[in-house]
Amino acid sequence: GISMACSRYEYVKDYERDDSILPNVWIVIRVDGKGFHKFSKVHDFEKPNDEKALNLMNNAAQTVMEEFRDIILSYGQSDEYSFVFRKETNVFNRRSSKLLSYVTSLFTSSYVMNWPNWMGDKKLQYPPCFDGRVVLYPSDQNLRDYLSWRQADVHINNLYNTAFWNLVLKAGLTNQQAEAELRGTFSADKNELLFSRFGINYNDLPAMFRKGTILLRKKVVVNKDNAKRQLIVPIHEDLIREKFWKTHSELLGKYKPGEYDDDERPNGD
Ligand code: ATP
Ligand code: ATP
Ligand code: MG
Ligand code: MG
Ligand code: MG
Ligand code: MG
């Protein structure tokens, strides 16, 4: 009968591997849009930064944080988002593929579900998808370096893209000409080009474009009777310097100074 058949087949369950993540490490899950260079073209994103598309990403990340209470910080830029789980988390017994697949699919479904709320009449032309990976960081310094790496990345890309698209959209250069113009230039050259040719002070551009978005849980006073509620708040601060980790000292438990001093900045080259 049926139950006999079940037990006969059930041995295949043992082929599943235990993939639980070792204890006491930071778990980071990063998702990244597949082929978003093309996706952003097909959907006519504003260049270099479509603010609504970034807000849609932030919205999807917030959905993930509401579902997974053990995420203490998320960091997003361009078509990617990183989620940092507290070290002690025991969610899904730290099973790697469960965690990765839930986070990636929830992010994706939320992105699709909220598309009309941010993109208005722009119709979604095909189902977007996101890849996902789990990366483990044993020390607080490793975690900070990871996040610094991602924020340095947005700085380098955004400075380049801002210069590139001003050359194309305002100075009328072709993509190839703009590329040639920027080849071999340093950060200072691009800042200078933006200022002298387009009157743009790079540091005056919106912080979300320059720094990406950090989502944190904060206790916020929400009404007159002083009741505090925990909310997920977006901030666009520099997280490379010590200041961020001092200000948000709850993130790493007791604040410990990092290896680098505040003068060390990504040079963008
Ligand atoms: P892959 O599948 O390897 O990730 P990709 O085409 O998605 O390829 P990425 O390196 O992830 O490449 O870069 C994402 C690209 O998506 C950016 O280079 C940019 O062109 C575009 N993009 C993403 N978000 C925005 C946005 N908010 N505004 C404008 N362009 C965006
Ligand atoms: P978990 O998150 O552990 O997977 P679950 O509630 O999804 O929990 P499953 O063992 O995956 O539990 O079972 C899926 C349940 O969803 C079924 O028991 C059934 O109640 C419901 N379900 C799924 N598909 C259908 C369907 N097409 N019609 C009616 N019910 C369905
Ligand atoms: Mg990529
Ligand atoms: Mg991508
Ligand atoms: Mg990307
Ligand atoms: Mg199920």
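User: Which order do the six strands take in the open sheet, and is the pairing parallel or antiparallel?
Analyst: In this predicted model, the six strands form an open sheet in the order β4-β1-β3-β2-β5-β6, and their pairing is antiparallel. At the two edges lie β4, residues 130-137, and β6, residues 228-235, each of which pairs on one side only. From one strand to the next the twist averages 25 degrees.

User: How do you know that strand β2 and strand β5 pair?
Analyst: Pairing requires at least two bridges between the strands, and β2 (residues 71-77) and β5 (residues 213-221) have four bridges in the antiparallel sense, so they count as paired under that requirement. One place to look is L73, whose bridge partner in β5 is L216.

User: Why is D32 called partly exposed?
Analyst: Partly exposed is the class between buried, which needs 20 or more other C-beta atoms within 10 Å, and exposed, which needs 12 or fewer. D32 has 15 other C-beta atoms within 10 Å, so D32 is partly exposed. This residue lies in strand β1, and, leaving aside its neighbours within four places in sequence, it is in contact with D79, E80, F130 and D131.

User: Is D79 buried or exposed, and why?
Analyst: The cut-off for a buried residue is 20 or more other C-beta atoms within 10 Å, and because D79 has 21 of them, it is buried. D79 sits in the loop between β2 and β3. Not counting residues up to four places away in sequence, D79 touches D32, G33 and F36.

User: How does S78 count, buried or exposed, and what does it touch?
Analyst: S78 is also found in the loop between β2 and β3, and because it has 21 C-beta neighbours inside 10 Å, it counts as buried. Apart from residues up to four places away in sequence, S78 touches V154 and N157.

User: And K34, is it buried or exposed, and why?
Analyst: A residue is exposed at 12 or fewer other C-beta atoms within 10 Å; K34 has 12, so it falls in the exposed class. K34 lies in the loop between β1 and α2, and beyond residues up to four places away in sequence it touches C129, F130 and D131.

User: Which residues does UniProt list for "binding site", and what is known of where they cluster in space?
Analyst: In an unreviewed entry, the UniProt annotation "binding site" covers D32, G33, K34, G35, F36, H37, S78 and D79. Although these are spread over 48 residues of sequence, they cluster in space, and the largest C-alpha distance is 12.0 Å. The unreviewed UniProt entry also lists D32, G33 and D79 for "binding site"; that group, too, is spread over 48 residues of sequence, yet its largest C-alpha distance is 5.6 Å. A further "binding site" annotation from the unreviewed entry covers D32 and D79.

User: How many residues surround ligand 1, and which are the closest?
Analyst: A residue is placed around the ligand if its C-beta atom lies within 6 Å of it, and 15 residues surround ligand 1, the closest being F36, H37, S40, D50 and A53. The elements β1, α2 (36-42) and α3 each supply at least two residues of that shell, and α2 gives the most, with three residues.

User: What makes up the shell around ligand 1: how many residues are nonpolar, polar and charged?
Analyst: The shell around ligand 1 divides into four nonpolar, six polar and five charged residues. Among the closest residues is D50, and Asp counts as charged.

User: What share of the residues in the protein chain is buried?
Analyst: Buried residues make up 22% of the 269 residues in the protein chain. As for contacts with a separation of 6 or more, 67% of them in the protein chain join residues 24 or more positions apart.

Methods:
Residues are numbered from 1 along each chain as its sequence is written. Chains are lettered from A and ligands numbered from 1 in the order in which they are written. This is a predicted model: local features need pLDDT of at least 70, side-chain atom pairs count only at pLDDT 80 or more; totals for chains, interfaces and linings use all residues. Axes are lines fitted to C-alpha atoms, for helices over the stretch in contact, and angles run from 0 to 180 degrees between N-to-C directions. Two residues are in contact if their C-beta atoms, placed from the backbone, lie within 7 Å. UniProt positions are given in the numbering used here, feature names are shortened, and annotations may be inferred rather than shown by experiment.
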